[in-house]
Every structure is written in structure tokens, then in C-alpha cells.
Amino acid sequence: MGLFSKDIETMNDLFVHTLKDIYYAENQILKALPDMIEKATDTGLKQGFKSHLEETRNHVSRLEQVFKLHGVEVEGVDCPAIDGILEEADEIAGEVADKQVLDAALIAAAQAVEHYEMTRYGTLIAWAKQLGRNDCASLLEQNLKEEKAADTKLTTLAERGINAKAA
């Protein structure tokens, strides 16, 4: 089902499709983070990725709760956007020999992921509220808050030394 296929006729259909999209994305991120943890050399970055791995597990769990609250089957739908972001990150990381530059590249890749997630969660929260699903919106808001915090932590790591070391 494409984003604007004939299967999406209502705001609810759009909400469910986008919920499946972010569910798929979070699960792909769960698969990618262990590799990012392994490649990171800065201890703060490595720890940040480890913490976000745990948060991502919670994000998946909350999304499963949203599916159940909304009365739809828990499932993902292919998300070419997150696949592309993660593929690009993997390619760039494979091309960087200097470990300090690699840490800066990993931050950039992680922030691309965070920004994608933030757009999806922001949209889902607005749609959930429009659909009268404040219960779902509340769970999604918890995920968004953690994604924003992760992005802020990555910026702080970059600005407080990783980018300077890479330069």
C-alpha cells in the first residue's frame, strides 16, 4: 500500500498507515543501533546509543499499546524513508577510516533518524487528537519527548567535542 493509495480513504486510515510506518521504522532502528554502538569510539556517544537502544525498545512497546488501544493489528509497513536513511548511514560509516570523523558521521546519521521520527510522531499526535484518541496521543507524546531529548543529547555531544576532534 503506497502512502496515497486507494486503501487510504479516511483520517483514521492515514493514522493507522503512519502508525505502521513508524512501527516498522522503530524496529529497523532496533536492528541498526547495536552496529552503531559497536562503531562508536567516543564513550559518551557509545553510552548515548546504548541508552537510546533501551528507549527504542520502550517506543516499540508503546506503539504496540497504541495499536491495541486503537483496535488494530500490530504490524509494520515498509518505510523506504527510514530504510534509505539507515542505508546511507551504513555506507558513510563504511567509508570513514578516521575514528573521530566516524563518530561525527554517526551523530549526523543518528540525528537524521531522530528528525524523521520526530516528524512522524508529531503528525501522529495531531491526528490522534483529531480522531479523539487522546489515550493514543499521550503514548505517542512520550515517544516524541524521548526522541527530542535524544536529538538534543547528540547535538551536545557533537558541539562539546566530537566535531572539534573530527576537524
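# Briefing: charged and aromatic contacts

Glu95 lies in helix H3, which covers residues 80-95. The model is predicted. A search of the whole structure finds eight salt bridges and one aromatic pair. The points below cover a charged surface patch, the aromatic pair and several of the salt bridges.

**Negative surface patch**

- Glu95 belongs to a negative surface patch, together with Glu87, Glu88 and Glu91.
- Glu95 has a relative accessibility of 65%, so Glu95 counts as exposed; the cut-off for exposed is over 50%.

**Aromatic pair**

- The one aromatic pair found in the whole structure is made by Tyr23 and Phe67.
- The arrangement of Tyr23 and Phe67 is edge-to-face, with 5.4 Å centre to centre and 85° between the planes.
- Tyr23 sits in helix H1 (residues 11-39) and Phe67 in helix H2 (residues 43-70), so placed that the pair links distant parts of the chain, 44 residues apart.
- Both Tyr23 and Phe67 are buried.

**Salt bridge between Lys20 and Glu75**

- Among the eight salt bridges is one in which the side chains of Lys20 and Glu75 meet, at 2.9 Å from N to O.
- This pair also links distant parts of the chain: Lys20 is in helix H1, Glu75 is in the loop between H2 and H3, and the two are 55 residues apart.
- Lys20 is buried because its relative accessible area is 15%, and the cut-off for buried is under 20%.
- Glu75 has a relative accessible area of 30%, so Glu75 is partly exposed.

**Salt bridge between Arg62 and Glu146**

- Arg62 and Glu146 form a salt bridge in which the closest N and O atoms are 3.2 Å apart.
- Distant parts of the chain are linked by this pair, with Arg62 in helix H2 and Glu146 in helix H5 (residues 134-166), 84 residues apart.
- Arg62 is buried, and Glu146 is buried as well.

**Salt bridge between Arg133 and Asp135**

- A salt bridge joins the side chains of Arg133 and Asp135, at 2.8 Å from N to O.
- Arg133 has a relative accessible area of 18% and is therefore buried.
- Asp135, with a relative accessible area of 33%, is partly exposed.

**Salt-bridge network**

How values were computed
Residues numbered from 1 in each chain as written. Predicted model: local features only at pLDDT ≥ 70, side-chain atom pairs only at ≥ 80, totals over all residues. Heavy atoms only, no water. Phe/Tyr/Trp six-rings, centres within 6.5 Å; stacked < 30°, edge-to-face > 60°. Helix = DSSP H or I, 4+ residues; strand = E, 2+ residues; numbered from the N terminus. Buried < 20%, exposed > 50% of the residue type's maximum accessible area, 1.4 Å probe, protein only. Patch = residues over 30% accessible without salt bridge, like charges linked within 9 Å, V, L, I, M, F, W, Y side chains within 5 Å. Areas by Shrake-Rupley, 256 points an atom, 1.4 Å probe, with all protein chains shown as cover. Salt bridge = Lys/Arg side-chain N within 4 Å of Asp/Glu carboxyl O. Lys, Arg positive; Asp, Glu negative; His and termini not counted. Charge placed at Lys NZ, Arg CZ, Asp CG, Glu CD.
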